[in-house]
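Please read them with the structure open.

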Amino acid sequence: LSQLPGWSVRPDGSIVVATGNDDALGLYRCTPYNSYGTAGESRPTRVLLKVRSPPGVPSLALSPLPSPPRCPSALQDPPAFTVRPKEEYFQEVGRELVIPCMAHGDPPPTITWLKVGSMGKSSAQVDGNSSLVLHPLIKEQHGVWECTATNQVASVTAATSVHVLGTSPHAVTNVSVLPLLLAANISWEPGFDGGYFQRFSVWYTPLVRYPPRAHHDWVSLSVPAGAQHLLVENLQPDTTYQFSVLAQNKLGSGPFSQIVTSVPRGFPVTTVPPEPPAMTVHVFLSPPRALTANETVRGVLLRWDPPARASVALSGYALELRQDKGGWEVLERSIPGTDTQVLVPGLIKDAFYEFRLVAFAGSYISDPSNTVNVSTAGMEVYPSRTQLPELLPQPVLAGVIGGICFLSVAVIFSTTAACIMNRRRAARIRKRRQGTSRGAGG
């Protein structure tokens, strides 16, 4: 090898050919040996020259193998990206986003796209140039996407982050509760804000065997702007509480976070060292599944499947509604747990509605189900016995009824007083006339 410029042997026995030319062509055999001798030479390996693109000087490396090597007919290249996606992309919801990704190799690689963390098949498409096409861009396509180039030699991956703007916030993550003395400190990691400033609120409720109020009557506390934690005070000792965090921006509310259960500490009553803080317990009550909406002659019929998992027997559902991207309102809070459908009459024409369900099992409340959209454009107006959020709220309605009752009482009182005054006036006139008649007779 010393007579061939650029040729050398590595300590591991590999032959390095720095300059590939006609001198490198041919068959090669490797003979391993040690102080005990050798087991023989390997099978022959053929070396061929191949022109690379862009043109360059080829470099060859031959490595001895413990077992007889195969005889390749040509060198092969692993995939290499010629066009990589950028680290981040920002695009408005509903518009089109095209992310390029190209690679070369020998044999030519196959390029695939996958959203990290996705459970099912994505609605994304790949065009003829292996670019990822998101059209129309939706909120669920926010996240990390990976472009993978694969051939027989290897696979290489490039990642990019897609930020979907103009949406409600994403759910917060990593919610934790630190039990304190008659209090609890709630902390979390914010999700993507949808392109707008987001604010947070902490929701909590006690878990008691016989609750004095509805299961879903939670207490909410606003979080100061920019904060990612909140101290919830004035809690009852030795009482289990549920906590959840909600993110909101100018477009509406995002989904509630995962519900976390914890028990605040009470005052020590003995000299026994206090027990360590209670461990965070996750509630096993999944939301209602497969919520669908169908138009009928009587209204909109909602159907769903019961939760897949419940730690105790299912006790009921609550139906929530919002109109034209407004705030969520409770439409029906006492749907029996054995029902899997409910009829919603009384929708206003040419309006856009969203419905979702939450389930109750004992004192536990599930996360909301999937949301279904109902547009009443072109639909008939259904009569309703159910008070919907479009009608007067209960406090306002009570005030109106009270005002009407007060006016009625005032009118009756005024009429009665007028009648009494008229009778007294008539009596005085009669007495005056009688006195005048007596005087004239005398």
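Predicted model: local features only at pLDDT ≥ 70, side-chain atom pairs only at ≥ 80, totals over all residues.

1. Cis peptide at Pro 107. The bond joining Asp 106 and Pro 107 is cis. Its omega is about 0°. Pro 107 lies in a loop, with β11 (102-106) on one side and β12 (110-115) on the other.

2. Cis peptide at Pro 136. His 135 and Pro 136 are also linked by a cis peptide bond. Here omega is about -10°. Pro 136 sits in the loop that runs between β14 (132-134) and β15 (143-150). Please look at both proline sites when you check the backbone.

3. Positive phi at Asn 234. Asn 234 is not a glycine, yet its phi is positive, near 60°. The residue belongs to the loop between β21 (229-232) and β22 (240-249). Is Asn 234 buried or exposed? Its relative accessibility is 73%, so Asn 234 counts as exposed, the cut-off being over 50%.

4. Positive phi at Asp 238. The loop between β21 and β22 also holds Asp 238. Phi of Asp 238 is about 55°, again positive in a residue that is not a glycine. With a relative accessible area of 66%, Asp 238 is exposed.

5. Arginine patch. Which residues gather in the patch of positive charge on the surface? They are Arg 424, Arg 425, Arg 428 and Arg 432. Of these, Arg 428 is placed in helix α1, which spans residues 394-441. Arg 428 has 48% relative accessibility. That value falls between 20% and 50%, so Arg 428 counts as partly exposed.

6. Thr 167, location and burial. Thr 167 is a loop residue, found between β16 (155-165) and β17 (173-180). Is Thr 167 buried or exposed? Relative accessibility is 5% for Thr 167, which is under 20%, so the residue counts as buried.

7. Thr 167, contacts. What is Thr 167 in contact with, once neighbours within four places in sequence are left aside? The list holds Val 93, Lys 139, Asp 193, Gly 194, Tyr 196, Asn 249 and Leu 251.

8. Thr 167 is buried, at 5%.

Technical notes:
Residues numbered from 1 in each chain as written. Heavy atoms only, no water. Helix = DSSP H or I, 4+ residues; strand = E, 2+ residues; numbered from the N terminus. Buried < 20%, exposed > 50% of the residue type's maximum accessible area, 1.4 Å probe, protein only. Patch = residues over 30% accessible without salt bridge, like charges linked within 9 Å, V, L, I, M, F, W, Y side chains within 5 Å. Areas by Shrake-Rupley, 256 points an atom, 1.4 Å probe, with all protein chains shown as cover. Salt bridge = Lys/Arg side-chain N within 4 Å of Asp/Glu carboxyl O. Lys, Arg positive; Asp, Glu negative; His and termini not counted. Charge placed at Lys NZ, Arg CZ, Asp CG, Glu CD. Contact = heavy atoms within 4.5 Å.
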